[in-house]
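Here is a short report on one protein model. It moves from the overall fold to single residues.

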Amino acid sequence: MCAVESPRAALRTAWTLIGPDGKPYESAVPGTLGGPRQGRMSGRMACRAALTALERGGYAANRVFFLNEADAKAAGYRPCAVCMPVEYAQWKAVHTKTVR
C-alpha cells in the first residue's frame with residue numbers, strides 16, 4: 001500500500017492519528033487511511049472520491065487519519081465504497097444483517 005505524501009508531510013516528525021478507541025494520539029509514522037469525521041468512513045490516501053472532495057473544498061478541516069484498517073474499524077469507521085470495495089461489501093453484509 002502506497003500513501004501519497006506532500007513535500008510538507010515529509011518534514012513532519014509526528015502525526016495525529018485516531019486509535020482503536022476513537023481517541024487521537026501522536027504517532028511517529030503517518031497513517032495509511034483517512035476520512036471525514038462526520039461521515040465516519042475511512043479510505044486510502046489516494047482515493048479518487050476523497051481527492052475530488054478535497055479539491056472541491058470539502059472536509060479538509062475535519063479529516064481524520066488511521067494507522068491501519070483495524071484501527072479505523074475499531075473506532076467505528078466504515079471502509080470507503082470507492083477505494084476499498086471488497087472491504088466495504090464485507091462491512092455492508094454484516095451491517096445490513098445486524099440492522100434488520
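**Overall fold**

This is a predicted model. The protein has 100 residues, and 30% of them count as buried. Its secondary structure comprises 4 helices and 6 strands. Along the sequence the elements follow the pattern α-β-β-β-β-α-β-α-β-α. Contacts between residues 24 or more positions apart make up 55% of those with a separation of 6 or more.

Strand β1 covers residues 15-18, and strand β2 covers residues 24-27. The two run antiparallel and are joined by 4 bridges. Within this pairing, Leu-17 has Tyr-25 of β2 as its bridge partner. The hairpin has 5 residues between the strands. There, Gly-22 takes a positive phi near 85°.

**The four-stranded sheet**

Which strands build the open sheet, and in what order? There are 4 of them, ordered β5-β3-β4-β6, with mixed pairing. β5 and β6 (78-79) stand at the edges with a single partner strand each, so one side of each has no neighbour in the sheet.

Strand β3 spans residues 33-36. Its link to β5 is antiparallel and consists of 4 bridges. In that pairing, Pro-36 stands opposite Arg-63 of β5.

Pro-36 also has a spatial relation to Gly-58. The two are 22 residues apart in sequence, and their C-alpha atoms are 9.1 Å apart. Gly-58 sits in the loop between α2 (48-55) and β5 (63-66). With a relative accessible area of 23%, Gly-58 is partly exposed.

**Ser-42 in strand β4**

Strand β4 runs over residues 41-44 and includes Ser-42. Is Ser-42 buried or exposed? It counts as buried, at 3% relative accessibility. Leaving out residues up to four places away in sequence, Ser-42 touches a list of residues that includes Leu-33, Gly-34 and Gly-35. Also among them are Phe-66, Ala-72 and Tyr-77. Arg-78, Pro-79, Cys-80 and Met-84 are on the list too.

**Cysteines**

How many disulfides does the model contain? The count is 0. A disulfide is a covalent bond between the sulfur atoms of two cysteines. The cut-off for the sulfur pair is 2.5 Å. For Cys-80, the closest cysteine sulfur belongs to Cys-47, at 3.8 Å, which is too far for a bond. For Cys-83, the closest is again in Cys-47, at 3.6 Å, also too far for a bond. Both Cys-80 and Cys-83 count as buried.

| Residue | Relative accessibility | Class |
|---|---|---|
| Ser-42 | 3% | buried |
| Cys-80 | 9% | buried |
| Cys-83 | 18% | buried |
| Gly-58 | 23% | partly exposed |

**Aromatic rings**

A search of the whole structure finds 2 aromatic pairs. A pair of aromatic rings is described by the distance of the centres and the angle of the planes. Where does Arg-78 lie relative to Trp-91? Arg-78 lies over the face of the Trp-91 ring, at 5.8 Å from the ring centre. Arg-78 is also one of the residues touched by Ser-42.

Key
Residues are numbered from 1 along each chain as its sequence is written. This is a predicted model: local features need pLDDT of at least 70, side-chain atom pairs count only at pLDDT 80 or more; totals for chains, interfaces and linings use all residues. Side-chain values use heavy atoms; hydrogens and water are left out. Rings of Phe, Tyr and Trp (its six-membered ring) pair if their centres lie within 6.5 Å; planes under 30 degrees apart count as stacked, over 60 as edge-to-face and the rest as tilted. A charge sits over a ring if NZ of Lys or CZ of Arg is within 6 Å of the ring centre and within 35 degrees of the ring normal. Buried means under 20% relative accessible area, exposed over 50%, partly exposed in between (1.4 Å probe, protein chains only). Two strands pair if DSSP finds at least two bridges between them. Contact means heavy atoms within 4.5 Å.
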